[in-house]
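Here are a few friendly notes to read alongside the model.

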Amino acid sequence: METRRDVFQAIADPTRRAIIDLLVTKTQNLNSLAENFHVSRQAISLHIKILTECGLVVINQQGRERYCEAKLDTLQEVATWVDQYKQFYESKFDSLEKYLDKLQKKKKHAKSKK
Amino acid sequence: MQNQKSNNTDREISVSRLFNAPIDLVWEVWTNPEHIKNWWGPNGFTNTISIMEVKPEGIWNLVMHGPDGTDYDNKSFFKEVTKHKRIIYEHISWPRIIATIEFEARGNKTFIQWTMLFDSKEELIEVVKKHHADEGIKQNIEKLDV
């Protein structure tokens, strides 16, 4: 059985987030990618492996070079989850809005009675 | 300062809205526990506020009672309270959040910006993940109800 790695686990690591940021702007091979970091090429290679397993990065073999490319639709899934969470606070605002309306209607009603 | 702000954007969630109510009323429903328990929600929840001292270093304990009977403790303390301007509180139960609510009168209306700053991006991710899982369960239950 295939165990799919968790996308969120993948982006929980700051180095992997930095890799994604770099790849979103430009597809590049492992060596040029590794030059941006103070860790070993092997370490970057391992991060890339995890990112590919989560579907956040795909590797395209071109001759002898392996190019890493960010998969934007998987990243979009992450953004959707964040939006879903934001919706939780928007719904508090909805509730506050309704409550304020109710209070003001009551007030008006009380005034017109006087 | 600019730099610090951009550093925060990956670990904060922010919502804003213009409310059709004057600032004194909006401030009242945000700072009076008798009001806040009525709208704090979420949908289907009730709230008990045992203490809410709206002043710097004041304690705020709110328990949310879920529709399935689960209680969720929310302990916070206020860091800043500036009337009609700003409330900052720190949520010390999980997840750790520093929330800033900015109020701005616009004629008879009130603009509110509510920003939740998480301890770290990792913690924000944890919360987003958990929320997604909870939503999934909720939707399954709603389907069963039909």
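**Notes on the two chains**

1. Among contacts in chain B between residues at least 6 apart in sequence, those joining residues at least 24 apart make up 32%; a contact here is a pair of residues whose C-beta atoms, placed from the backbone, lie within 7 Å.

2. A word on conventions: this is a predicted model, in which local features need pLDDT of at least 70 and side-chain atom pairs count only at pLDDT 80 or more, while totals for chains, interfaces and linings use all residues. Residues are numbered from 1 along each chain as its sequence is written, and chains are lettered from A, with ligands numbered from 1, in the order in which they are written.

3. Chain B has four helices and seven strands, in the order α-β-α-α-β-β-β-β-β-β-α along the sequence. Helices (H or I, at least four residues) and strands (E, at least two) are DSSP runs, numbered from the N terminus.

4. Where do the chains meet? Chain B gives 23 residues to the contact and chain A gives 21. On the chain B side, β1 (12-19), α2 (23-31), α3 (33-39) and α4 (121-145) each give two or more residues, and α4(B) has the largest share, with eight.

5. Within chain A, the domain assignment, which is automatic or from a database, gives domain 1 (7-70) and domain 2 (72-114). The C-alpha centres of domain 1 and domain 2 of chain A lie 40 Å apart, and the contact takes five residues from each of these two domains.
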